Amino acid sequence: HVNNMAAYSPIIANGEVVAFAAVRSHWIDVGGQAVGSMPGNSRDIFSEGIQIPFMKVYRGGKPDESVLRLIKTNSRFPELVMGDMRAQISACRLGELRFLDLIRRYGKDSVMACIHRIWEEAEILTRAAVERIPDGTYEASCVLDNDGLSLDKPIPLKVKVIVEGSDMTIDFSEMSPPVKGPFNSRASGTIARVAFKYLTTPHAPITEGGFRNLRIVCP
């Protein structure tokens with residue numbers, strides 16, 4: 001899923017990095033063998049599009065034109081991609097301004113204390129939600145038709161959920177081994193978090209504290 005691009009920037013207060021602003025966006029195309037960079041029959045990640053490691057798009061407050069040219073050259077829709085990237089950068093800058101406004105108004109220690117308090121309260125709410133689920137082991141399974149390449153070979157999927165008091169474990173150990181097509185992923189941890197959030201506190205803000213009682217087993 002190489003077209004899910006993240007832009008991030010440090011937030012610096014009095015010479016100290018106190019946080020990061022980050023925005024992830026699904027770009028329309030980053031090259032590869034198919035428009036949209038998500039071919040259903042690719043055999044490797046290189047067929048899906050360009051992979052961009054951590055790189056500075058801006059240096060000294062100015063865009064690095066060589067990096068921008070590299071990105072634009074590897075997209076079928078360079079202007080749209082550049083628009084997405086500029087929007088992400090603008091959002092990061094706005095996040096930085098808002099965060100620094102809070103620090104100027106209340107002081108760094110108070111802001112950080114509030115963040116940790118929010119995490120703690122999220123954990124309390126999430127633990128209470130898991131406690132309402134009866135203890136036990138829950139299992140579910142199904143199959144995907146195929147992996148896009150071996151059309152006559154179904155892919156077995158199986159997940160196990162273990163509830164113990166206020167803690168939950170989501171276990172993917174019995175999922176299918178790797179396949180030839182583009183269905184291999186260790187992003188199950190992300191999917192597990194989404195499901196966990198919907199099950200526990202779907203209407204509360206998403207914070208790291210709301211996942212402290214979740215354990216994910218993902219080979």
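Predicted model: local features only at pLDDT ≥ 70, side-chain atom pairs only at ≥ 80, totals over all residues.
**Ser37 and its surroundings**

Skipping its neighbours within four places in sequence, I found Ser37 in contact with Asn3, Asp29, Val30, Gly31 and Glu48. I then looked up where Ser37 sits: it belongs to the loop between strand 2 (16–26) and strand 3 (58–59).

Is Ser37 buried or exposed? Its relative accessibility comes out at 0%, so I put it down as buried, the cut-off being under 20%. I also checked the polar side of the Gly31 contact: a polar atom of the Ser37 side chain lies 2.8 Å from the backbone oxygen of Gly31.

**Nonpolar patch**

Next I went over the surface. Tyr8, Ile12, Val17, Phe20 and Phe54 make up a nonpolar patch there, and together they have about 590 Å² of accessible area. Strand 1 (4–13) and strand 2 are the elements that give two or more residues to this patch.

I picked out Phe20, which is in strand 2. Phe20 has 52% relative accessibility, so I logged it as exposed, given that the cut-off is over 50%.

**Helix 3**

Last, I ran a length check on helix 3 (residues 108–131). With 24 residues at 1.5 Å a residue, helix 3 should span 34 Å, and I got 35 Å between its end C-alpha atoms, so the two agree.

Which residues of helix 3 are buried? I noted Val111, Ala122, Glu123, Thr126, Ala129 and Val130. A reminder to myself: an α-helix has 3.6 residues a turn, so residues three or four places apart point the same way.

Methods: Residues numbered from 1 in each chain as written. Heavy atoms only, no water. Helix = DSSP H or I, 4+ residues; strand = E, 2+ residues; numbered from the N terminus. Expected span 1.5 Å × (residues − 1). Buried < 20%, exposed > 50% of the residue type's maximum accessible area, 1.4 Å probe, protein only. Polar contact = N/O pair within 3.5 Å; in protein donor to acceptor, adjacent residues only side chain to side chain. Contact = heavy atoms within 4.5 Å. Patch = residues over 30% accessible without salt bridge, like charges linked within 9 Å, V, L, I, M, F, W, Y side chains within 5 Å. Areas by Shrake-Rupley, 256 points an atom, 1.4 Å probe, with all protein chains shown as cover. Salt bridge = Lys/Arg side-chain N within 4 Å of Asp/Glu carboxyl O.
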